[in-house]
Amino acid sequence: MVMAAWKRAGVCLTAAAVVVGLAGCQDGDDGGSKKAGASAKAQTREEAAEVLQAAFKKTSEAKSSKIRMTVQTSGTAAESGTVEMSGVQGWDPAVMDVTMKGSGFAAAGPGTPEQMRMIMLDGVMYVDMGTEQAAEMDGKRWMKMDFKALADASGDPEVQKQMTGGLENMNQDPAQQLALLLESPSLKHVGPEKVDGVEAQHYKGTLSFKEMIDANTSFDLLSKEERDELVATAEKSGMKGFDTEIWVNEDDLPVKMVVGMAMAQGTMKMTSHFSDYGAKAEVEAPPAGETFDFVQMLKDLESLGAGSAA
């Protein structure tokens with residue numbers, strides 16, 4: 001029972017990390033004024049970087065947007081499938097209110113609803129587990145997952161590291177993700193394209209895992225030995241790097257992003273569409289009377305002798 005609950009939570013946490021991670025992927029570095037739609041002429045790397053820097057400035061000022069995303073995974077992983085998400089997200093601070101559906105929920109086990117609403121704010125995620133869950137929990141359909149509490153309760157150092165890292169990614173400055181793309185040696189301007197009916201300029205680049213570590217300032221606190229260990233672990237898993245594509249409209253705002261990752265066990269492709277920048281992200285936690293604490297539930301199960309049975 002406990003392990004089944006952890007598996008269900010893992011699916012939710014993965015989806016959350018994807019959504020918020022890509023919220024940061026829409027931004028650039030600093031300043032800039034070149035218009036993305038100013039010309040169809042091929043841009044140099046310096047001109048492309050200038051456009052992405054301008055996009056960063058505009059996106060940071062907007063602080064929120066509506067999002068529509070598809071996450072496709074393939075390979076030997078049990079979570080292989082497709083998950084679709086849509087809703088509103090905010091950054092600085094990181095918040096979101098999205099609805100998710102898709103075959104990727106199969107790993108969460110029987111009783112999982114076909115679609116889930118997920119709310120995240122203040123480092124806490126709330127997941128609407130549906131009417132079947134509510135019937136089993138005295139009408140409480142919202143599962144509350146505090147990331148820090150989850151890390152402590154897992155008792156597994158690896159799980160603690162993953163959850164803590166996920167929380168840090170959720171709270172990081174949104175500029176950091178696209179700043180990585182700006183560091184890509186292969187950053188290039190592909191050309192003009194229409195996205196969702198609007199004119200946009202298409203850019204892409206690739207970073208190896210080592211280049212990502214070197215470029216991301218959030219890893220500066222690690223020693224050289226720790227950084228080398230991270231790179232070795234990634235290489236052992238077969239991770240080649242990150243392929244990122246972004247489309248910027250004439251208002252210097254990203255309208256689409258595609259991020260691809262390849263590992264030994266399979267691939268992941270995340271496609272996001274952004275709109276309504278500046279839309280109010282008035283995210284509120286569900287009523288306390290309708291929520292149950294996931295960590296407390298695990299403790300209760302263990303005290304009843306549920307152990308680690310599936």
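Mentor: A charge sits over a ring if NZ of Lys or CZ of Arg is within 6 Å of the ring centre and within 35 degrees of the ring normal. In this predicted model, the charged end of K256 meets that description over the ring of W247, 4.5 Å from its centre. The model is predicted, and local features need pLDDT of at least 70, side-chain atom pairs count only at pLDDT 80 or more, and totals for chains, interfaces and linings use all residues. Residues are numbered from 1 along each chain as its sequence is written, and side-chain values use heavy atoms, with hydrogens and water left out.

Trainee: How many salt bridges does a search of the whole structure find?

Mentor: A salt bridge is a side-chain nitrogen of Lys or Arg within 4 Å of a carboxyl oxygen of Asp or Glu. The search of the whole structure gives 4. One of them joins K66 to D276, with the closest N and O atoms 4.0 Å apart. K66 lies in strand β1 (residues 64–75) and D276 in the loop between β11 (266–275) and β12 (291–293), so this pair ties together parts that are 210 residues apart in sequence. Strands here are DSSP runs (E, at least two residues), numbered from the N terminus.

Trainee: Are K66 and D276 buried, partly exposed or exposed?

Mentor: Buried means under 20% relative accessible area, exposed over 50%, and partly exposed in between (1.4 Å probe, protein chains only). K66 is partly exposed at 41%, and D276 is partly exposed at 45%.

Trainee: Which residue meets D196 in a salt bridge?

Mentor: The partner of D196 is R68, at 3.5 Å from N to O. Since D196 lies in the loop between β7 (188–195) and β8 (198–208) and R68 in strand β1, the pair ties together parts 128 residues apart in sequence. R68 counts as partly exposed, at 43% relative accessibility.

Trainee: What is the relative accessible area of D97, and with which residue does D97 form a salt bridge?

Mentor: D97 is buried, with a relative accessible area of 17%. D97 forms a salt bridge with R117, the closest N and O atoms being 2.7 Å apart. D97 lies in strand β3 and R117 in strand β4 (residues 115–121), so the pair ties together parts that are 20 residues apart in sequence. R117 counts as partly exposed, at 36%.

Trainee: Which residues is D97 in contact with, leaving aside its neighbours within four places in sequence?

Mentor: Contact means heavy atoms within 4.5 Å. On that basis, D97 is in contact with S86, G87, V88, R117, M118, I119 and V283, its neighbours within four places in sequence being left aside.

Technical notes
Helix = DSSP H or I, 4+ residues; strand = E, 2+ residues; numbered from the N terminus.
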